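Visitor: I have a model open and would like to talk it through with you. Could we begin with a single residue and work outwards?

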Amino acid sequence: MKTKMLVSVLCLATVAAFAAKGSNFVGSWQFNPEKSKNIGMMSQMKMTQDIQQSASSIDVTTHTAFMGKDDGSKTHFDLTGRPATNPSPMSGPSETVSKWDGAKLVTTWTSESAIAGGPKVVRTETWSLSPDGKTMTVESVRGSSPGIAMVFDKKQ
């Protein structure tokens, strides 16, 4: 009886430890504008994200096609709580700080204003997965502006 109880406790502890470490975003993801919200002109963009993940980081390679222009970028998220520097459209480099909030990844992006001498811009980005792991949602909020939700379908 004690053995069964010990095994049960160990199994529960393992599940709790895994849940505390967040979700597994590894794979190739295709942007789905029809499922996304408040994305404006981005609804015409084609985007794929290839994600690699370890216990200490997430690395994203993004490919976009928009208005006849193909582009690519790389983003590195440090999962140990240390800041990382990443490119930010229209405002140069951003400092990103990522942390797990249960199964969600929350990243704060801080960058210089696009206007010389303007205040720093702070944006919070929250990544989550659907229960079946086939849909990734990236919600982004800056100040009191309405947030956007970009939805991606898993390709592989």
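**A residue in a loop, then the sheet**

Guide: Ser-36 lies in the loop between strand S1 (27-31) and strand S2 (46-53). Helices (H or I, at least four residues) and strands (E, at least two) are DSSP runs, numbered from the N terminus.

Visitor: What kind of model is it, and how are residues numbered?

Guide: This is a predicted model, in which local features need pLDDT of at least 70 and side-chain atom pairs count only at pLDDT 80 or more, while totals for chains, interfaces and linings use all residues. Residues are numbered from 1 along each chain as its sequence is written, and side-chain values use heavy atoms, with hydrogens and water left out.

Visitor: Back to Ser-36: buried or exposed?

Guide: Ser-36 counts as buried because its relative accessibility is 11%. Buried means under 20% relative accessible area, exposed over 50%, and partly exposed in between (1.4 Å probe, protein chains only).

Visitor: What does the side chain of Ser-36 reach?

Guide: It reaches the backbone oxygen of Asn-32 at 2.9 Å, and also the backbone nitrogen of Val-151 at 2.9 Å. A polar contact is a pair of N or O atoms within 3.5 Å; within protein, one must be able to donate a hydrogen and the other to accept it, and residues adjacent in sequence count only if both atoms are side-chain atoms.

Visitor: And Ala-149, where does that sit?

Guide: Ala-149 belongs to strand S10 and is buried, with a relative accessible area of 14%. Ala-149 and Pro-33 are 116 residues apart in sequence, yet 9.5 Å apart in space, C-alpha to C-alpha.

Visitor: Zooming out, how many helices and strands does the protein have?

Guide: The secondary structure comes to 1 helix and 10 strands, running α-β-β-β-β-β-β-β-β-β-β from the N terminus. Of the 156 residues, 33% count as buried.

Visitor: In what order do the strands form the sheet?

Guide: The 10 strands form an open sheet in the order S4-S3-S2-S1-S10-S9-S8-S7-S6-S5, with antiparallel pairing. Strand S4 (69-78) and strand S5 (84-88) stand at the edges with a single partner strand each, so one side of each is left without a neighbour in the sheet. Two strands pair if DSSP finds at least two bridges between them.

Visitor: Which bridges join S3 to S4, and S9 to S10?

Guide: Strand S3 (residues 57-66) is joined to S4 by 10 bridges, the two running antiparallel; Val-60 has Thr-75 of S4 as its bridge partner. The hairpin of S3 and S4 has 2 residues between the strands, and Met-67 takes a positive phi near 55 degrees there. Strand S9 (residues 135-142) and strand S10 (residues 148-154) pair in the antiparallel sense over 6 bridges, and Ser-140 is partnered by Ile-148 in S10.

Visitor: New topic: where is Ala-114, and is it buried or exposed?

Guide: Ala-114 is in the loop between strand S7 (104-111) and strand S8 (121-129). Ala-114 is exposed, with a relative accessible area of 59%. Between Ala-114 and Gly-92 there are 8.4 Å in space, C-alpha to C-alpha, at a separation of 22 residues in sequence.
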